[in-house]
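Dear colleague,

I am passing on a structure that you have not worked with before, and below it I have set out what was found. Please read the notes with the model open beside you.

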Amino acid sequence: MYICLFIHSNHTPRCVYLHCEANSNTGSGTSQSKLILHFVGMGFPEKLVAQAIEENGEGNSESILETLLTYSVLENSPQQQKPSDSDHSSSDYYENFDDDLSDSYSWSEDEESTDSLPIKDKTVLALAKMGYTTDEASIAMERCGPGSSIAELTDFICAAQMAKAADPFLLDEEKPKPKRKFFENELWKRKRHRGCDRRMTFEDGETIRLPNPMIGYGVPTELCPTPYRSLPEGAMGPPYFYYENVALAPKGVWDTIKRFLYDVEPEFVDSKYFCAAARKRGYVHNLPINNRFPLLPLPPRTIHEALPLSRRWWPSWDTRTKLNCLQTCIGSAKLTERIRKALEDHQEGEPPLHVQKYVLDECRKWNLVWVGRNKLAPLECDEVEMLLGFPKNHTRGGGISRTDRYKSLGNSFQVDTVAYHLSVLRDLFPGGVKLLSLFSGIGGAEVALHRLGIPLKTVVSVEKSEVNRNIVRSWWEQTNQKGNLIDFNDVQELDGDRLEQLIHSVGGFDIVIGGSPCNNLAGSNRHHRDGLEGKESSLFYDYFRILDLVKCIMAKR
């Protein structure tokens with residue numbers, strides 16, 4: 001197997017083809033001295049080569065080369081020799097990377113040698129300087145599209161690394177895509193057929209681009225022009241609708257979502273403008289966008305404000321002020337133990353730069369926080385609840401495991417963000433709302449409406465997970481809701497007849513809210529990122545089917 005990697009020597013990029021034998025450490029394979037000579041011949045110092053071999057073993061030439069490239073970048077980069085004061089969380093640092101590239105990586109010194117390179121090669125070089133492999137860079141560019149920004153690519157790589165670490169037994173084989181049975185409603189069939197035709201014309205190009213900054217039609221903490229938009233006639237409410245999913249979805253996904261949801265432009269918002277953790281999401285809705293207001297009191301917006309006890313142990317070289325997107329899994333005890341040992345090997349002063357880089361990469365990947373000298377730990381469940389805007393102990397008790405709590409929270413809405421969008425409903429429905437909540441999860445929309453002071457007259461909640469249904473039911477009882485909670489465990493139970501019965505019973509719905517599963521859309525799912533045709537994420541079509549049926553039935557009434 002041959003691997004092509006870019007390395008720098010005297011600021012001149014060179015492409016090196018490395019021959020990796022499958023079992024180089026068996027039989028009469030190459031000796032360590034030959035391996036050292038091999039890498040010395042490529043221009044690396046002998047001492048550095050020996051150190052890289054000791055760290056990775058003789059049988060992994062690719063890892064040795066990656067380590068050598070990392071050492072070379074750290075030694076030659078003035079920016080790496082002196083830690084920066086800027087925020088290095090992916091939510092701030094990587095988002096501004098395109099603007100700051102020349103300062104952060106001495107790009108001006110390499111201009112003469114790189115100006116002639118294609119944009120793709122320049123991007124690979126930039127990612128290599130950040131410590132990523134060319135394989136990671138190539139996969140990210142393929143999945144995110146050739147025009148993707150450095151911020152999108154690094155987010156994808158980081159999420160993919162985390163998924164690989166969390167489940168090393170995932171396989172790369174292509175799996176047959178599931179065939180979904182759609183319902184008998186003729187109107188639904190015709191609309192879906194038209195939607196597929198329109199989607200096919202979109203595969204060669206993509207018009208929807210993620211904005212920077214990702215503030216949608218405005219956030220309460222940033223100045224922005226007075227928002228304005230014009231909704232297509234078919235999208236007018238009521239009933240209102242509100243749909244959410246991950247912003248960094250595969251190419252073409254948001255165009256398909258937009259076209260099914262009446263050609264309404266998505267509103268992309270990063271929850272870092274509402275709390276101390278990033279959460280890049282897209283929202284398609286027909287709600288008014290003027291006269292919004294935030295939940296009060298405003299939540300803490302930096303790590304030290306949200307977790308003040310961590311400030312005492314926070315080292316100066318960890319410049320994060322925001323956490324990355326909160327995931328469904330956490331860093332292991334073995335990982336934090338490895339980090340502790342790596343730091344304790346360097347008790348005098350700050351650890352070397354390569355150790356700092358290793359620690360910070362893991363911190364960003366797993367959202368680790370400092371809890372003692374040289375001690376890092378993942379967030380506790382109640383801390384995640386607080387960051388996402390849920391009441392304390394919202395997911396605690398009732399036989400719910402710690403693992404299930406993390407999973408449920410990782411798949412939920414960020415309440416403060418969603419509440420800001422839904423705040424316009426308070427004046428529209430002063431007597432309360434009748435809500436159809438699809439893929440309810442742990443009740444993020446219900447909690448947001450309740451915190452806004454909007455009475456919940458009727459909530460029809462559809463959620464597959466029994467754990468999540470129990471959480472919502474418990475919250476409903478503890479908050480003394482006066483309305484009626486009706487729950488279902490499968491969106492496919494809601495066919496035309498059932499919806500007509502419900503609408504007749506409750507008098508119609510004021511709003512349909514939902515966020516279908518992102519399992520096949522999120523960057524962390526590297527192996528089954530099948531888009532809207534994936535087993536889980538294809539449930540988006542059920543959101544549209546149900547919404548369209550509700551609109552048709554209510555229009556007849």
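**Aromatic pairs**

In this predicted model, the count of aromatic pairs comes to 14. One of them joins Y240 and F429, whose ring centres are 6.4 Å apart and whose planes stand at 85°, so the pair is edge-to-face. This pair links distant parts of the chain, since Y240 belongs to strand β3 (residues 240–246) while F429 is found in the loop between α19 (425–428) and β8 (433–438), 189 residues apart. Both Y240 and F429 are buried.

Another edge-to-face pair is formed by Y243 and F540, with 5.3 Å from centre to centre and 65° between the planes. Because Y243 lies in strand β3 and F540 in helix α23, the pair ties together parts that are 297 residues apart in sequence. Y243 is buried, and F540 is buried as well. These two residues also belong to a cluster, linked by ring pairs, that is made up of F241, Y243, F260, Y262, F540, Y541, Y543 and F544. Over the ring of Y262 sits the charged end of K551, 5.2 Å from the ring centre.

**The annotated position**

The UniProt annotation "active site", which comes from an unreviewed entry, covers C518. In the model, C518 is placed in the loop between β11 (511–514) and α23 (540–556). Leaving out residues up to four places away in sequence, C518 touches N245, V246 and S537.

**A buried arginine**

R292 is found in the loop between β5 (280–285) and α13 (303–306). With a relative accessible area of 12%, R292 falls under the 20% limit and is therefore buried. Its side chain makes a polar contact with the side chain of E267, at 2.9 Å. Apart from neighbours within four places in sequence, R292 is in contact with Y217, G218, E267, H285, Y420, H421, S423 and V424.

**Where to read with care**

The protein has an average pLDDT of 78, and 72% of the residues score at least 70. Over residues 1–30, however, the pLDDT is below 50, although the model gives this stretch 60 contacts beyond near neighbours in sequence. Residues 77–114 likewise stay under 50 in pLDDT, and for them the model has 81 contacts beyond four places in sequence. Where pLDDT is low, the predicted coordinates should not be read in detail.

Conventions:
Residues are numbered from 1 along each chain as its sequence is written. This is a predicted model: local features need pLDDT of at least 70, side-chain atom pairs count only at pLDDT 80 or more; totals for chains, interfaces and linings use all residues. Side-chain values use heavy atoms; hydrogens and water are left out. UniProt positions are given in the numbering used here, feature names are shortened, and annotations may be inferred rather than shown by experiment. Helices (H or I, at least four residues) and strands (E, at least two) are DSSP runs, numbered from the N terminus. Contact means heavy atoms within 4.5 Å. pLDDT is the predictor's confidence in each residue, from 0 to 100. Rings of Phe, Tyr and Trp (its six-membered ring) pair if their centres lie within 6.5 Å; planes under 30 degrees apart count as stacked, over 60 as edge-to-face and the rest as tilted. Buried means under 20% relative accessible area, exposed over 50%, partly exposed in between (1.4 Å probe, protein chains only). A charge sits over a ring if NZ of Lys or CZ of Arg is within 6 Å of the ring centre and within 35 degrees of the ring normal. A polar contact is a pair of N or O atoms within 3.5 Å; within protein, one must be able to donate a hydrogen and the other to accept it, and residues adjacent in sequence count only if both atoms are side-chain atoms.
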